[in-house]
There are 2 protein chains.
Amino acid sequence: MNPEKQITNEFYSGDRWSAEESIGYLLRTTVSTLMRAAETEMRPYGLTAVQWAPLMIISRGGNPTAASLARDLNTDTGAMTRMLDRLEAKGLLARNRSSTDRRVVMLTLTDQGRELTTLIPHHLARVYNNHLSGFSQDEFAQLKQMLRRIISNRDVV
Amino acid sequence: MNPEKQITNEFYSGDRWSAEESIGYLLRTTVSTLMRAAETEMRPYGLTAVQWAPLMIISRGGNPTAASLARDLNTDTGAMTRMLDRLEAKGLLARNRSSTDRRVVMLTLTDQGRELTTLIPHHLARVYNNHLSGFSQDEFAQLKQMLRRIISNRDVV
DNA sequence: TGACTATTACTGCCTGTGCAAATACTGTAA
DNA sequence: TTACAGTATTTGCACAGGCAGTAATAGTCA
């Protein structure tokens, strides 16, 4: 056995249970903390904490569709339809049925939507950097890597 | 400067943006991955991925109230009222107005609810352990510690 | 006692998500 | 050409959370 990295499968047992040590509880609290901060940061622009994501992807081009956005953002097409409804209602994007494939709806940003995409990243960076204060670059890289490992473990199981 | 741990405040800048490197995106995806697995694990018992939490806290005693549950679970009393509505509708808990403080509602588990609390932790442990497979105990401890640091940074900022 | 503050539970409104079904359309194989 | 499998979008239903406001109650202090 490698003495430097002992692998085990027993982090939790069915006997004892504590919210403070639960990885699910900690992750959920972390996300809601970040979301609340992002919400505050976005409020002046009339956006919620998650509405920026579709805008940013559309602004990068490549003709994303509702379905591709749903795949990229790890959600479902029903949720994405309604998200786009809200963004369209705010006048940030326009929907136009494609003429080459009449199933898909082309998504384009309005001038107002495009302007937001130039302002959003700065605010988002501020929120993330603030919450990562005290982290070293190594720790930051480790954290991202560990999260990716948890995500990919969904397939292993 | 300590050469072993160089602190910086610049993990993200407003110039470039990538979902794959975004700590918000990674955390959200991790949570939804875990939730989806928990949802599957709980389905046979008629519970969703989050409904077990109030049940477990009530089962530990100490006369928790809707308000204290909301505080412990990092949500608000409105959401908790509706959560308890659903659990009561499923016959898992009972609500009784306290006679000593008529503002509060005493929460007690039904027999069915109490039985679930004996089964839940095992399934939850299974989900968590599976998704942490490949982790060392050190990495597990580091991950929890880093999440706690992000959460506590909400106050620093 | 009476005014005031804090707390508890609840409700309405909005945002957001997941799942399943329906509809429309595309491309392919028989 | 026709049947069929796959894809894109939308909708209904249920669950869940945040925020603001309300009514009832408790405790405190002048």
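This is a predicted model: local features need pLDDT of at least 70, side-chain atom pairs count only at pLDDT 80 or more; totals for chains, interfaces and linings use all residues.
**Exercise 1. How are the two chains related?**

Task: Find the rotation and the shift that superpose chain B on chain A, and name the relation.

Solution: 
- Start with the general idea: two copies of a chain are related by a rotation about an axis and a shift along it.
- Here the rotation is 180° and the shift along the axis is 0.0 Å, and chain B then superposes on chain A with an RMSD of 0.1 Å.
- This is therefore the relation of a two-fold axis.
- Now look at the surfaces: 100% of the contact residues of chain B recur in chain A, so the same surface serves both copies.

**Exercise 2. What builds the contact between the chains?**

Task: Work out how many residues each chain gives to the contact, and which helix supplies the largest share on the chain B side.

Solution: 
- Chain A brings 54 residues to the contact, and chain B brings 54 residues.
- On the side of chain B that touches chain A, helices H1 (23-42), H5 (111-131) and H6 (137-156) of chain B each supply at least two residues.
- The largest share of that side comes from H6(B), with 14 residues.
- Sorted by class, the side of chain B that touches chain A holds 24 nonpolar, 20 polar and 10 charged residues.

**Exercise 3. Which parts of the protein lie near the DNA?**

Solution: 
- H4(A) gives the largest share of the surface near DNA strand C, 5 residues.
- By class, the surface near DNA strand C divides into 8 nonpolar, 9 polar and 9 charged residues.

**Exercise 4. How do two helices of chain B cross?**

Task: Decide how H2(B) is oriented to H5(B), and find the residues where they meet.

Solution: 
- Helix H2 of chain B covers residues 52-59, and its axis comes within 9 Å of the axis of H5(B).
- The two axes cross at roughly 100°.
- An angle from 65 to 115 degrees counts as roughly perpendicular, so H2(B) is roughly perpendicular to H5(B).
- From H2(B), the residues that meet H5(B) are B:Trp52, B:Leu55, B:Met56 and B:Ser59.
- Their partners in H5(B) are B:Gly113, B:Arg114, B:Leu116, B:Thr117 and B:Ile120.
- The contact of H2(B) with H5(B) has 5 nonpolar, 3 polar and 1 charged residues.

**Exercise 5. Buried or exposed?**

Task: Are A:Asn63, B:Asn63 and A:Ala53 buried or exposed?

Solution: 
- The cut-offs come from counting other C-beta atoms within 10 Å: 20 or more means buried, and 12 or fewer means exposed.
- A:Asn63 has 11 C-beta neighbours inside 10 Å, so A:Asn63 counts as exposed.
- A:Asn63 sits in the loop between helix H2 (52-59) and helix H3 (66-72) of chain A, and has a positive phi of about 50° although it is not a glycine.
- B:Asn63 is exposed because 11 other C-beta atoms lie within 10 Å.
- B:Asn63 belongs to the loop between H2 and H3 of chain B, and also has a positive phi of about 50° without being a glycine.
- A:Ala53, in helix H2 of chain A, has 21 other C-beta atoms within 10 Å and is therefore buried.

Technical notes
Residues are numbered from 1 along each chain as its sequence is written. Chains are lettered from A and ligands numbered from 1 in the order in which they are written. Two residues are in contact if their C-beta atoms, placed from the backbone, lie within 7 Å. Helices (H or I, at least four residues) and strands (E, at least two) are DSSP runs, numbered from the N terminus. Ala, Val, Leu, Ile, Met, Phe, Trp, Tyr, Cys and Pro count as nonpolar, Asp, Glu, Lys and Arg as charged, and the others, Gly among them, as polar. Axes are lines fitted to C-alpha atoms, for helices over the stretch in contact, and angles run from 0 to 180 degrees between N-to-C directions. Angles under 35 degrees count as roughly parallel, over 145 as roughly antiparallel, 65 to 115 as roughly perpendicular and the rest as oblique. Copies are superposed by least squares on the C-alpha atoms of residues with pLDDT of at least 70 in both.
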